[in-house]
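Hi everyone, thanks for coming. I'd like to walk you through a structure that may be new to you, so let's bring it up on the screen.

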Amino acid sequence: MRVATAEVIRELDRRTIEEAGMPGAVLMENAGRGAARALREHFRGVLQHGPVALVCGPGNNGGDGFVIARTLHEAGVATEVFLLADPQRIRGDARIYWEVLQGLDIPIRGLKDDGISEDTLEQWRGASCIVDAILGTGLVRPVEGLYRKAIEAIGACRRPVFAVDLPSGICADTGRVLGAAVNAVCTATFGLPKRGLYLYPGAAHAGRIVCVDIGIPGRFLEEAGILDEILDGPRGIDGLRREPDTHKGTYGHLFVLAGSAGKTGAACLCSGSALRCGAGLVTAGIPRALTPIMEQKLTEVMSLPLPGNDETLSSDALTEIMDFASSVQGLAIGPGMGVNEETERIVRALWVDVDVPMVWDADALTLLARNPDLAGRQSAPVVVTPHPGEMGRLLGKPAAWVQTNRLEAAMNCSRQWGVVTVLKGARSLIAAPDGRLRINLTGNPGMAAAGMGDVLTGMIGALLVQGMDAFDAASLAVWLHGAAGDRVQQAVGPIGFLASEVMHALPGLFKEVMEERECSPSD
Ligand SMILES: NC(=O)c1ccc[n+]([C@@H]2O[C@H](COP(=O)([O-])OP(=O)(O)OC[C@H]3O[C@@H](n4cnc5c(N)ncnc54)[C@H](OP(=O)(O)O)[C@@H]3O)[C@@H](O)[C@H]2O)c1
């Protein structure tokens, strides 16, 4: 599913009005009627408990609210309209529907700048639900004044809220709260869902999202050159189907450089997950001193003992590593490999010289960040999988900045380093250097646990060696990783499940997803 920024949706509206000749008032009528339908479905069985309180701003978002009020009134649902501005400020299409409202038997109350009176609060508290039609995509600065007071009062009333297009106060493009924001249980969004509805904190404010078709021609949607997508399914999984006449060589060989003293588990999780995600062969390159431990832990994964000191790989291993890397289809590097001068020398050389697709994670990213001169100098497609701390290092910014600017961080990283970026966290982002962006919907907070990232790295590596392009491999692996975590959470509970359990859930997930797609094959 594609999502839009405020600018994209404005352009689509403009084309629909100017090129397709559909009047703006028709779009507003479609939006309001569709939202009213969604509201009645969502609040079925609730609307008889009191009137619907529609809180409207003076812009087109408020105009949608006027249409909703009229539509509900026509359907026999009691409604009350609260206008947060001088009616003189209502213009354009919203003005048309404001005038229509005047001829109906709907109570309308204008609210003044001095705040929300006790009387009004009493009415909101007695409402079956509150419709938030204050601000939509027109929000351009932090909410203040009467709008802010209204948003805060709506929150204090503890009634279920239905948001029109976006919860007021949420930035359509970033999901950020600008000053204060409404908490909705359901949001009816128009034409295309806005990107900010899927990014935290906006996602937490939006509740259930219903997209209403307002009549934007499909051709315009196709031509819009929208670069943002929601990963709401295992996109590209059909490419992993197994043909009968194949062997392990068909599914690629992944070389994993991971693990050091005290971190052998990272190497096991990463390489084991690569096999669980369909790689034909996996070899883990590890410091020779650790070979006995790894041989005990790993069965199906092969190991390549390499020169090392007691703890980590030594740079003497470089020639052997390069030789081996040239014989495989992909490289996964970083989990638990250690950060010292020796490993730094190794990653510098690999970044520039390895010419098979790679996935870089954890310690390899910390080392990469120390070498900004390497940006763009890699010889192969690269996926990087930073958490916010590692992302901060790659961009030279604090982790806290990354968390409040996740979108910008992921996109800048891709552009700056010339890589596909997976910025991990709630709603992981996958960004490509050409500006494409995907937002993942799977996963749960129980996955905030040790080793989960190592599993993801192995999975991405597995899809790379099976021939998937870097952006698609990263996207599908992120979706599958979150979906496997969701399966484990459902089976085990929300807290305390292990990365290895997520890894072991993968075959069952593949079975389930592929069987589902055999019944209804579509992307
Ligand atoms: N054709 C259609 O009917 C159609 C199609 C698609 C969508 N829509 C609806 O129209 C909405 C967009 O309408 P719109 O562009 O008129 O914008 P809007 O979201 O209705 O907001 C515009 C109003 O908000 C005010 N505003 C913006 N930021 C503010 C802030 N931080 N604090 C207080 N006030 C603020 C503006 O005041 P200033 O003027 O003072 O800045 C302006 O009055 C969409 O979200 C959707 O609901 C309608």
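Before we look at any part of it, one term: I call a residue buried if 20 or more other C-beta atoms lie within 10 Å of its own. Please also keep in mind that this is a predicted model.

Which of its residues are buried? Here they are: Thr264, Ala266, Ala267, Cys268, Leu269, Cys270, Ser271, Gly272, Ser273, Ala274, Leu275 and Arg276. That is 12 of the 13 residues, so helix 9 is largely enclosed by the rest of the structure. After the helix comes Gly278, with a positive phi near 100 degrees.

Now hop along to helix 18, residues 470-492. Here 17 of the 23 residues are buried, so helix 18 is also largely enclosed by the rest of the structure. Its end C-alpha atoms lie 32 Å apart, which agrees with the 33 Å that its 23 residues should span at 1.5 Å a residue. Just after helix 18 sits Gly493, and its phi is positive too, at about 125 degrees.

Let's zoom out to the whole chain. You can find 20 helices and 17 strands in it. The C-alpha trace spans about 85 × 50 × 45 Å along its principal axes. Of the 523 residues, 51% are buried. And if we take contacts between residues at least 6 apart in sequence, 72% of them join residues at least 24 apart.

How is the chain divided? There is domain 1, residues 6-226, and domain 2, made of 237-241 + 250-515. Their centres, taken over C-alpha atoms, are 43 Å apart. Where they touch, domain 1 gives 5 residues to the contact and domain 2 gives 5. On the domain 1 side, those residues are 4 nonpolar, 1 polar and no charged.

Last stop, the ligand. How many residues surround it? The number is 27, and the closest are Met28, Gly59, Asn60, Gly136 and Gly138. By class, this shell has 12 nonpolar, 9 polar and 6 charged residues. Helix 2 (24-42) and helix 3 (60-74) each supply at least two residues of the shell.

Notes
Residues numbered from 1 in each chain as written. Predicted model: local features only at pLDDT ≥ 70, side-chain atom pairs only at ≥ 80, totals over all residues. Near = placed C-beta within 6 Å. Helix = DSSP H or I, 4+ residues; strand = E, 2+ residues; numbered from the N terminus. Nonpolar A, V, L, I, M, F, W, Y, C, P; charged D, E, K, R; others polar. Domains from an automatic or database assignment. Contact = placed C-beta atoms within 7 Å. Expected span 1.5 Å × (residues − 1).
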